[in-house]
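Please examine the model shown below together with its sequence.

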Amino acid sequence: MAVAIYPGSFDPITYGHIDIVRRARKLFSKLYVAVVANPHKSPLFTVEERLRITEAALAEEGVNGIEVLSFDGLLIECARAHRADAIVRGLRANADFEYEFQMALTNRDLAPEFESVFFMTEKRFSFLASSMVKEVCSYGGDVSTFVPASVDRALRKKLQTGG
Ligand code: PNS
């Protein structure tokens, strides 16, 4: 079975991401969750915080056997370093397609040895985005249906107490 890498900003990880991890894990013998150090959007959490939050969230949800790592620079270099065969991404609605298509084709041009594999989101997570979760939490809204309790706590600490 193949090795896969699931890259993203994970700022922070949500139930939508965790659903993709759960499903991808069944198809691949090894799955890495790769947290990008410098996303194009400026992140709320540092890369160390995102690593820690992602690990804690997966543990809390009972998703075991996943290696969470961070990377800087090109994703394909990280994929090469970890001997991955596939790049996993989640697809929500139409809005994701253009971006994912562009990214997959760019990665394919740079490194044709990797196959990009897309998992369609579960219907109930199709609207879910880390940016929305941050916004709701920043105004004091309840995000417990979007993220595990450990992520909820990290968000509140960061957004509501400035920590
Ligand atoms: O969760 P995101 O922000 O949609 O994830 C985007 C990510 C991290 C997968 C993408 O920005 C990425 O791969 N960044 C690393 C730089 C890179 O390899 N760029 C070329 C591919 S477009």
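The report that follows treats the nonpolar cores, the helix packing, selected backbone torsions and several individual residues.

**Basis of the description**

This is a predicted model, in which local features need pLDDT of at least 70 and side-chain atom pairs count only at pLDDT 80 or more, while totals for chains, interfaces and linings use all residues. Residues are numbered from 1 along each chain as its sequence is written, and side-chain values use heavy atoms, with hydrogens and water left out.

**Nonpolar cores**

In soluble globular proteins, nonpolar side chains tend to be buried together. A nonpolar core is here a set of buried Ala, Val, Leu, Ile, Met, Phe, Trp, Tyr and Cys residues joined through side-chain atoms within 4.5 Å. Buried means under 20% relative accessible area, exposed means over 50%, and partly exposed lies in between, with a 1.4 Å probe and protein chains only.

The largest nonpolar core holds 35 residues, and those touching the most other members are Y6, I13, V21, V33, L58, V88 and L155. At least two residues of this core come from each of strand 1 (3-8), helix 1 (15-27), strand 2 (30-36), helix 2 (47-60), strand 3 (66-71), strand 4 (86-91), helix 5 (130-138) and helix 6 (149-160). Helix 1 supplies the largest share of the core, five residues. Helices (H or I, at least four residues) and strands (E, at least two) are DSSP runs, numbered from the N terminus.

With residues up to four places away in sequence not counted, L58 touches I13, I18, V21, V33, V63, I66 and V68; contact means heavy atoms within 4.5 Å. Another core, of 15 residues, lies apart from the largest one and has A34, V36, F71 and I87 among its members.

**Helix packing**

Two packed helices are described by the angle between their axes and the distance between the axes. Axes are lines fitted to C-alpha atoms, for helices over the stretch in contact, and angles run from 0 to 180 degrees between N-to-C directions. Angles under 35 degrees count as roughly parallel, over 145 as roughly antiparallel, 65 to 115 as roughly perpendicular and the rest as oblique.

| Helix pair | Angle between axes | Distance between axes |
|---|---|---|
| Helix 5 and helix 6 | about 60 degrees | 9 Å |
| Helix 2 and helix 6 | about 150 degrees | 8 Å |

Helix 5 and helix 6 are therefore oblique to each other. The crossing of helix 5 past helix 6 is right-handed; a crossing is right-handed if the near helix is turned clockwise from the far one by less than a right angle, and left-handed if anticlockwise. From helix 5, V133, K134, C137 and S138 meet L155, R156, L159 and Q160 of helix 6. The residues of this contact comprise four nonpolar, two polar and two charged. In this classification Ala, Val, Leu, Ile, Met, Phe, Trp, Tyr, Cys and Pro count as nonpolar, Asp, Glu, Lys and Arg as charged, and the others, Gly among them, as polar.

Helix 2 and helix 6, by contrast, are roughly antiparallel to each other. Helix 2 contributes E49, I53, A56, A57 and E60 to the contact, and helix 6 contributes A149, S150, V151, A154 and K158. Six nonpolar, one polar and three charged residues make up the contact of helix 2 with helix 6.

**Backbone torsions**

The loop between strand 1 and helix 1 contains F10 and P12. The peptide bond from D11 to P12 is cis, with omega near 0 degrees. F10 is not a glycine, yet has a positive phi of about 50 degrees; F10 is buried, with a relative accessible area of 3%.

R83, also a residue other than glycine, has a positive phi near 55 degrees. R83 sits in the loop between helix 3 (75-81) and strand 4 and counts as exposed at 71% relative accessibility.

**Individual residues**

R22 belongs to helix 1 and counts as partly exposed at 32% relative accessibility. R22 and L58 are 36 residues apart in sequence, with a C-alpha to C-alpha separation of 9.4 Å. Neighbours within four places in sequence aside, R22 is in contact with E61 and V63.

L27 also lies in helix 1. The C-alpha atoms of L27 and A2 are 8.0 Å apart, although 25 residues separate them along the chain. Neighbours within four places aside, L27 is in contact with M1 and F119.

M103 is placed in helix 4 (residues 94-110) and is partly exposed at 24% relative accessibility. M103 and S116 are 13 residues apart along the chain, and their C-alpha atoms are separated by 9.4 Å.
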